[in-house]
Amino acid sequence: MSSNNGIILRKHIDPVEGYPKVGEHFGLEERPFNLEAAKVDEEHPLLLRNIYTSIDPYIRIRMQSPQRKSYLPSLDLGQVIPNLTLAEVVKSAVPEYKTGSHVVFMSGWEEYTFVPKDAMKMVQPISNPYNLPLMTFVGALGMPSQTAYVGLKHVGKPKAGETIYISAASGAVGQVAGQLAKSMGLYVVGSAGSDEKIAHLKELGYDAAFNYKNESVHDALPRLCPKGIDIYFENVGGETLDAVLMNANFHARIIFCGAISQYNNPNPYGLKNYAQILTKSLTIEGFIVMNLIPLYQEEYFREMPKLIAEGKLKYKYDVYKGLGSIPEGLIGVLQGKNFGKALAKIADE
Ligand SMILES: NC(=O)c1ccc[n+]([C@@H]2O[C@H](COP(=O)([O-])OP(=O)(O)OC[C@H]3O[C@@H](n4cnc5c(N)ncnc54)[C@H](OP(=O)(O)O)[C@@H]3O)[C@@H](O)[C@H]2O)c1
């Protein structure tokens, strides 16, 4: 008998309650599974073996109670937590998907996933003309890179010579946003939470970077952005956004991608400098990648795999080992312990 263990949501948790706790709010559930006897059919045409799964901050938003409305519904109690995963087709009832082929799917954080027939349109077969490593499809080419790409290019509409500031700059979204901005001729400034991360930003080509734990963002931004900020790629929210408002140029654009400092904050930060939005005619635009990427998928998959294959876009991973390491990985991301894109390797390729 094999197993199909999964990471289960046990209890909802709102931001005011702080960080989720492993065991209390979510954790590993052991489930026996007879792989040999498992059958695919019309109702469940595919059985997937999950290999690499993405660990992302937005999962925290899905752990909130259903009363808090968001762009995705809260997860049900007892549900395996779903996220984008690179998987192998191990049983197939449809000729388009051969056993042994690889796909990206919103599998659960579990060892094996049956794909229901109404979710078949969400299964993405991978096309790999550059022979990139399999983890790339939920890593350097995955959802956070798509976020960086559409956010920067199509929300921020950058112009060469402008100054962009990116927070959480060494993370999954930030590292890509910074390199793309540099390739478009911008002056790129980033912040992150350790000196090691700052050194890495310089290696990625950031023009300037600061550790926000050692220097106040109110001091660092005027020092490192002497011409002011034209674009802010917002990943963290809170006081950082307040400091950006004071250092923004007229008609600056704020690409509102995330607010991770608020996801577990019992005392939500109240903006003090919001009148700057009026007096400088600022634009703040929130966006959700899954709503925008369908519009730009073709150009994304034309441009990005090539950049990665040619080594023009570097990508740092933080790989957690085994299904059981995922809860620790998620809490690590929420607390800034990850250095690079957090992924878990659930099984061998
Ligand atoms: N709009 C969308 O569709 C979309 C899609 C994907 C991601 N996002 C958002 O984009 C942001 C980055 O996501 P990601 O996947 O790239 O994560 P990530 O940057 O790889 O990991 C999260 C990072 O956030 C930083 N952080 C954590 N707590 C913080 C705090 N209190 N204050 C400041 N920084 C903090 C930490 O880096 P430091 O050590 O540098 O603090 C941590 O490593 C998140 O807000 C996420 O929700 C939005």
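## The shell around the ligand

By class, 17 nonpolar, eight polar and one charged residues make up the shell around the ligand in this predicted model (Ala, Val, Leu, Ile, Met, Phe, Trp, Tyr, Cys and Pro count as nonpolar, Asp, Glu, Lys and Arg as charged, and the others, Gly among them, as polar). Of these 26 residues, Val 173, Lys 197, Tyr 212, Tyr 263 and Asn 338 come nearest; a residue belongs here if one of its heavy atoms lies within 4 Å of the ligand.

Local features need pLDDT of at least 70 and side-chain atom pairs pLDDT 80 or more, while totals for chains, interfaces and linings use all residues. Residues are numbered from 1 along each chain as its sequence is written, and side-chain values use heavy atoms, without hydrogens and water.

## Polar contacts and cover

Let's turn to the polar contacts (pairs of N or O atoms within 3.5 Å). A side-chain N or O atom of Lys 197 sits 2.6 Å from a ligand oxygen, and a backbone N or O atom of Val 289 is 2.7 Å from an oxygen of the ligand. A polar backbone atom of Leu 334 lies 3.4 Å from a ligand nitrogen. The protein covers 91% of the 910 Å² of accessible area that the ligand has on its own (Shrake-Rupley method, 1.4 Å probe).

## Between two domains

Domain 1 (2–139 + 315–345) and domain 2 (143–289) both contribute residues to the shell, so the ligand lies between them; the bounds come from an automatic or database domain assignment. The C-alpha centres of the two domains are 29 Å apart. In all, 22 residues of domain 1 are in contact with 17 residues of domain 2 (heavy atoms within 4.5 Å).

Key. A polar contact is a pair of N or O atoms within 3.5 Å; within protein, one must be able to donate a hydrogen and the other to accept it, and residues adjacent in sequence count only if both atoms are side-chain atoms.
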